[in-house]
Amino acid sequence: MKRKALFIINPVSGGKKKDNVPGMVKEHLDPSVFEYDFEFTTGIFHAHDLAVAAVGEYDTIVAVGGDGTVNEIASGIVETDTELAVIPFGSGNGLARFLGIPMDTVGAIKNMNTGRSIVIDAGKMNDQWFFNMAGMGFDAHISHVFAQGGDKRGFVNYFKSSVQEISQYRSQEYHIEVDGKELDREAFMLSIANSSQYGNNAHVSPTASVQDGLLDVCVIKPFPLWRFPEMGLRMFFKTADKSKYVEIIKGKHVHITRVQPGPIHLDGEPQSADIDINIDVVPSALKVLVGDSYHNN
């Protein structure tokens, strides 16, 4: 029996045109395995609404976009039997990269034909879902700057903004509780990792697993400005956890209290939150298609 797939296409994600995606699907998706439909989103949360409506009607919902699109769609099908597939079109594609999904469109479509799926954990920050990474501090500040300035996303612009903002940014004090263990830390950045990476193969928590029932609380402590390039290189070489400026605590329930309200991000999408932030892992929450190179840590 054929599987039914709905491709939800975000036409603006990653600044890349996607008009030819339906044609590529028709050419490369195995018609003996799938029958399919297409929907193009028209605004924020439209992808989520389409995904919610598709549960029960489709077996697989395909997110054609970046991490924000993935989050919207996954949030609509989490804790159901509906499966998520990803055709990466974002600027970072953190979850897709971690799951071994090919970055080229044809490869990602062909990967769907394999039908290799797993069930992954998800996170909730103040009752909002995230599937790859959430956080506060400098990366949330940069996400907020991007959202306000309307700059085109991408690694180069992200790096430029980071260089421009880092000298003015001040670390903050946080009270952190992880499964009852209490810590007081000054942090440049606090990242809550389900997968190991932000995107673009920048790994903040190299041992993170999406199938261990745990989240990795990554405390990036204040570091001298001249070490900024080193910190970046460590992420690309998967050695961030070896730095004396990085502390990682794994756990299921996290409560963070900070000095003042401010930006947070969920899968790279900026929001604002109060001083109290509750974070929980939801084990085995989402069925996803993975690539051949994926292996559980």
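**Exercises on helix packing, a buried glycine and aromatic pairs**

In this predicted model, the axes of helix H2 (residues 46-54) and helix H3 (residues 67-77) come within 8 Å of each other and cross at roughly 30°.

**Exercise 1.** Classify the orientation of H2 and H3 to each other, and describe their contact.

*Solution.* 
- Step 1. Angles under 35 degrees count as roughly parallel; H2 and H3 cross at roughly 30° and are therefore roughly parallel to each other.
- Step 2. The handedness of the H2 and H3 crossing is right-handed.
- Step 3. On the H2 side the contact is formed by His46, Ala47, His48, Ala51 and Val52, and on the H3 side by Glu72, Ile73, Ser75, Gly76 and Ile77.
- Step 4. Sorted by class, this contact of H2 with H3 comprises five nonpolar, four polar and one charged residues.

**Exercise 2.** Carry out the analysis for H1 and H5, starting from the angle at which they pack.

*Solution.* 
- Step 1. Helix H1 (residues 21-28) packs with helix H5 (residues 105-112) at about 45°, and their axes are 10 Å apart.
- Step 2. The crossing in which H1 passes H5 is right-handed.
- Step 3. From H1, Met24, Val25 and His28 meet Thr105, Val106, Ile109 and Lys110 of H5. By class, the residues in the contact of H1 with H5 are four nonpolar, two polar and one charged.

**Exercise 3.** Is Gly213 buried or exposed, and which residues does Gly213 touch?

*Solution.* 
- Step 1. Gly213 is located in the loop between strand S10 (189-193) and strand S11 (215-220).
- Step 2. Buried means under 20% relative accessible area; because its relative accessibility is 11%, Gly213 counts as buried.
- Step 3. Leaving aside residues up to four places away in sequence, Gly213 touches Asp121, Lys252, Val281 and Pro283.
- Step 4. Tyr36 is 177 residues from Gly213 along the chain, and the C-alpha atoms of the two are separated by 33 Å.

**Exercise 4.** Determine how many aromatic pairs the whole structure has, and characterise the pair of Phe138 and Tyr169.

*Solution.* 
- Step 1. Phe138 and Tyr169 pair edge-to-face, at 5.4 Å centre to centre with 65° between the planes.
- Step 2. This pair links distant parts of the chain, 31 residues apart: Phe138 belongs to helix H6 (residues 138-149), and Tyr169 to the loop between helix H7 (155-166) and strand S8 (172-178).
- Step 3. Both Phe138 and Tyr169 are buried.
- Step 4. Ring pairs join Phe138, Tyr169, Phe188, Phe223 and Tyr245 into a cluster.

How values were computed: Residues numbered from 1 in each chain as written. Predicted model: local features only at pLDDT ≥ 70, side-chain atom pairs only at ≥ 80, totals over all residues. Heavy atoms only, no water. Axes fitted to C-alpha atoms, helices over the stretch in contact; angles between N-to-C directions. Helix = DSSP H or I, 4+ residues; strand = E, 2+ residues; numbered from the N terminus. Left-handed = near helix turned anticlockwise from the far one by under 90°. Contact = heavy atoms within 4.5 Å. Nonpolar A, V, L, I, M, F, W, Y, C, P; charged D, E, K, R; others polar. Parallel < 35°, antiparallel > 145°, perpendicular 65-115°, else oblique. Buried < 20%, exposed > 50% of the residue type's maximum accessible area, 1.4 Å probe, protein only. Phe/Tyr/Trp six-rings, centres within 6.5 Å; stacked < 30°, edge-to-face > 60°.
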